[in-house]
Amino acid sequence: MAIIKYAIPAIAAAQVALAASCGSSGSTITISSQSDADSYATCTKLTGDVEISESFSGDLSINGPYEITGGLSSDGASNLTSLTSTSLATIGDTFKLNGLTTLTTLSLTNLSSVGAISWTALPELQSLDFTKGVSEAGDVEITNTGLTSLDGISLKSVGTFDITENTNLKTVNVNDLTNATGLINFAGNLDSLQIILPNLAGGTNMTFRNVSAVSIPSLKELSGQLGFWGNTFSNFSAANLTSTGDLVFDDNTDLANISMPVLKTVNGGFQIARNDKLKEIAFPDLETVTGAIDFSGEFNSVSLPALEEVKGGFNVQSTGNLSCTTFEKMHSNNVIRGTYKCTQTSNPTTKDGSSGTTTSTSSTSSASSTSSDSASVMNIVSVPAMGAAAIFGAFVQYLL
């Protein structure tokens with residue numbers, strides 16, 4: 001009896017120990033039904049990857065496991081209507097959902113850390129129920145969903161943050177995000193989308209297309225490109241930005257004011273084109289542009305009082321009452337080293353001959369003066385966000 005007395009607790013403890021971790025490294029646990037998921041309810045950790053079968057239909061609850069050491073994925077499960085868990089806190093690898101065309105509920109109330117997020121083609125998913133909030137993630141890529149906000153994704157840092165083609169997305173407010181090591185990209189979402197990144201201080205590349213507001217008040221430095229295409233905001237401010245790579249404002253129809261009062265360095269090309277409501281261009285602290293300057297539009301003045309060096313070309317063309325006297329002196333004094341062109345014209349163009357306004361047609365206008373230096377400014381409207389810096393860098397290498 002004494003043996004039985006001690007044997008029974010020992011057996012129970014062994015069962016708990018066995019139940020604590022299920023699966024194995026490098027393997028995949030496949031869930032094809034709710035009963036499959038229930039069979040892992042006593043596991044605190046699922047080792048390896050978890051894959052929800054394409055054939056799964058209906059609502060799925062994964063309750064019990066606290067951690068998945070690998071990824072959690074579902075690809076093409078078009079009849080999966082909800083995915084819920086009250087226990088799951090950590091997904092070690094990618095949380096991937098693709099082609100879940102009837103998914104309406106994503107409720108992971110304890111989830112706080114994932115290796116990465118990759119969600120594509122979730123047209124019926126309108127909101128996230130992430131009560132604790134995902135504060136740790138590598139890359140985040142969300143494309144073609146029905147989401148109206150990203151509430152529940154409360155990152156402190158991120159690699160790539162790529163949010164595209166979510167046509168119901170109204171606001172993105174990631175209050176705690178302080179740093180991004182990869183591309184931040186917003187494109188093709190709801191036209192009235194507002195981007196609010198109040199504490200983001202540094203990053204690499206940031207591109208914004210078709211948004212109604214961008215707020216980055218804490219941003220100080222970007223090592224790569226900062227670009228704005230086809231947006232509808234009337235004012236843009238980056239009050240603390242001192243340095244960036246390529247800087248682009250292109251075809252922002254309502255843009256009337258750009259305020260970047262402490263910007264000192266553009267490590268690449270600097271283009272402002274087709275922003276027809278922008279009448280004044282002023283960067284009071286700008287000292288260095290390592291690529292080329294290419295401004296075209298309907299503005300009346302360009303003020304760059306601190307400018308000390310432009311290593312690439314210089315193209316400034318406008319329909320407005322533009323004076324080029326200051327820049328002619330800069331060119332004569334070798335502040336502007338590349339090909340020089342500054343003119344008032346009815347058909348302003350970018351350096352490559354594309355129209356500089358949304359109302360005029362492309363044509364070649366006469367230059368007020370030129371130099372023999374062949375460094376040029378390239379129209380970077382169609383250059384991918386990650387490629388423009390390399391192209392402008394090539395201009396500088398050619399020049400040097």
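Strand β2 covers residues 45-52, and D49 is one of its residues. The model shown here is predicted.

With a relative accessible area of 31%, D49 is partly exposed. Partly exposed residues fall between the buried ones, under 20%, and the exposed ones, over 50%. D49 belongs to a patch of negative charge on the surface, where it gathers with E51, E54, D75 and D93. Residues in such a patch have no salt bridge.

Elsewhere in the chain, charged side chains are paired. The structure holds six salt bridges, and three of them are followed here one by one.

Take D250 and R274 to begin with. Their side chains meet in a salt bridge, with 2.9 Å from N to O. The two residues are 24 apart in the chain, and the pair links distant parts of it: D250 is in strand β25 (residues 247-250), while R274 is in the loop between β28 (270-273) and β29 (280-282). Are these two residues buried or exposed? D250 has a relative accessibility of 2% and therefore counts as buried. R274 has 11%, so R274 counts as buried too.

K277 forms a salt bridge with D254, and the closest N and O atoms are 3.2 Å apart.

The next pair is E287 and K264. Their side chains meet in a salt bridge of 3.9 Å, N to O, which is inside the 4 Å limit used for a salt bridge. E287 lies in the loop between β29 and β30 (288-289) and K264 in the loop between β26 and β27 (265-266), so this pair ties together parts of the chain that are 23 residues apart in sequence. E287 is partly exposed, with a relative accessible area of 26%. K264 is partly exposed as well, with 34%.

Together with D285, they are linked in a network of salt bridges.

Conventions: Residues are numbered from 1 along each chain as its sequence is written. This is a predicted model: local features need pLDDT of at least 70, side-chain atom pairs count only at pLDDT 80 or more; totals for chains, interfaces and linings use all residues. Side-chain values use heavy atoms; hydrogens and water are left out. Helices (H or I, at least four residues) and strands (E, at least two) are DSSP runs, numbered from the N terminus. Buried means under 20% relative accessible area, exposed over 50%, partly exposed in between (1.4 Å probe, protein chains only). Patches are made of residues with over 30% relative accessible area and no salt bridge: like charges are joined within 9 Å, nonpolar side chains (Val, Leu, Ile, Met, Phe, Trp, Tyr) within 5 Å. Accessible areas come from the Shrake-Rupley method with a 1.4 Å probe; for residues, only the protein chains shown count as cover. Lys and Arg count as positive and Asp and Glu as negative; His and the chain ends are not counted. The place of a charge is taken as NZ of Lys, CZ of Arg, CG of Asp or CD of Glu.
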